[in-house]
Amino acid sequence: MHDSDIEDGYPLTPLQEGMLFDHAFAPGSGGNIVQIAGVLREHLDPDLLEKAWRAVIDRNPVLRTSFHWSGDGAPVQRVHRSVDAGILHCDWSMKSPAEGRGQIGRAHV
């Protein structure tokens, strides 16, 4: 990552510092991660959905923000000019509902 990739930078809020502290002492706990899944019953164009989601990311700096802390000094959040959304397309339409639910937990970007 180059400095030219960074649009802006900020110190962490007290809540963010608390979350960082929790993560530092319980890495991998996932305590501050929220995921949602849903069933779409109508036809969906995955490429169009991806394009729309990328437009949302481009317009909202909070969705392009990462957090950095070397352990010595104050942590910071950096707003990137662009990010790779890491969108994963999965078609489980030919699977049973039970198989699909099992796949959701194993799908990783």
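The model is predicted; local features need pLDDT of at least 70, side-chain atom pairs count only at pLDDT 80 or more, and totals for chains, interfaces and linings use all residues. Residues are numbered from 1 along each chain as its sequence is written, and side-chain values use heavy atoms, with hydrogens and water left out.

The protein chain averages a pLDDT of 81 (the predictor's confidence in each residue, from 0 to 100). At least 70 is scored by 84% of the residues. Confidence is highest in strand 3, at 93, and lowest in helix 3 (residues 97-106), at a mean of 72. Helices (H or I, at least four residues) and strands (E, at least two) are DSSP runs, numbered from the N terminus. Where pLDDT is low, the predicted coordinates should not be read in detail.

An open sheet is formed by 3 strands in the order 1-3-2, with antiparallel pairing (two strands pair if DSSP finds at least two bridges between them). Strand 1 (6-11) and strand 2 (65-68) are the edge strands; each pairs on one side only. From one strand to the next, the twist averages 25° (axes are lines fitted to C-alpha atoms, for helices over the stretch in contact, and angles run from 0 to 180 degrees between N-to-C directions). Strand 2 pairs with strand 3 (residues 76-80) over 4 bridges, in the antiparallel sense. Ser-66 stands opposite Arg-78 in strand 3.

The structure holds 3 salt bridges (a side-chain nitrogen of Lys or Arg within 4 Å of a carboxyl oxygen of Asp or Glu). One joins the side chains of Glu-7 and Arg-64, at 3.2 Å from N to O. Glu-7 lies in strand 1 and Arg-64 in the loop between helix 2 (46-59) and strand 2, so the pair ties together parts that are 57 residues apart in sequence. Arg-64 counts as buried, at 4% relative accessibility (buried means under 20% relative accessible area, exposed over 50%, partly exposed in between; 1.4 Å probe, protein chains only). Glu-7 is partly exposed, at 39%.

Arg-54 and Glu-50 meet in a salt bridge at 2.6 Å, N to O. Both lie in helix 2, 4 residues apart, about one turn of the helix. Glu-50 is buried, at 17% relative accessibility; Arg-54 is partly exposed, at 28%. The side chain of Arg-54 also meets that of Asp-84, at 3.9 Å from N to O. Asp-84 lies in the loop between strand 3 and helix 3, so this pair ties together parts that are 30 residues apart in sequence. Asp-84 is exposed, at 65%. Shared partners join Glu-50, Arg-54 and Asp-84 into one salt-bridge network.
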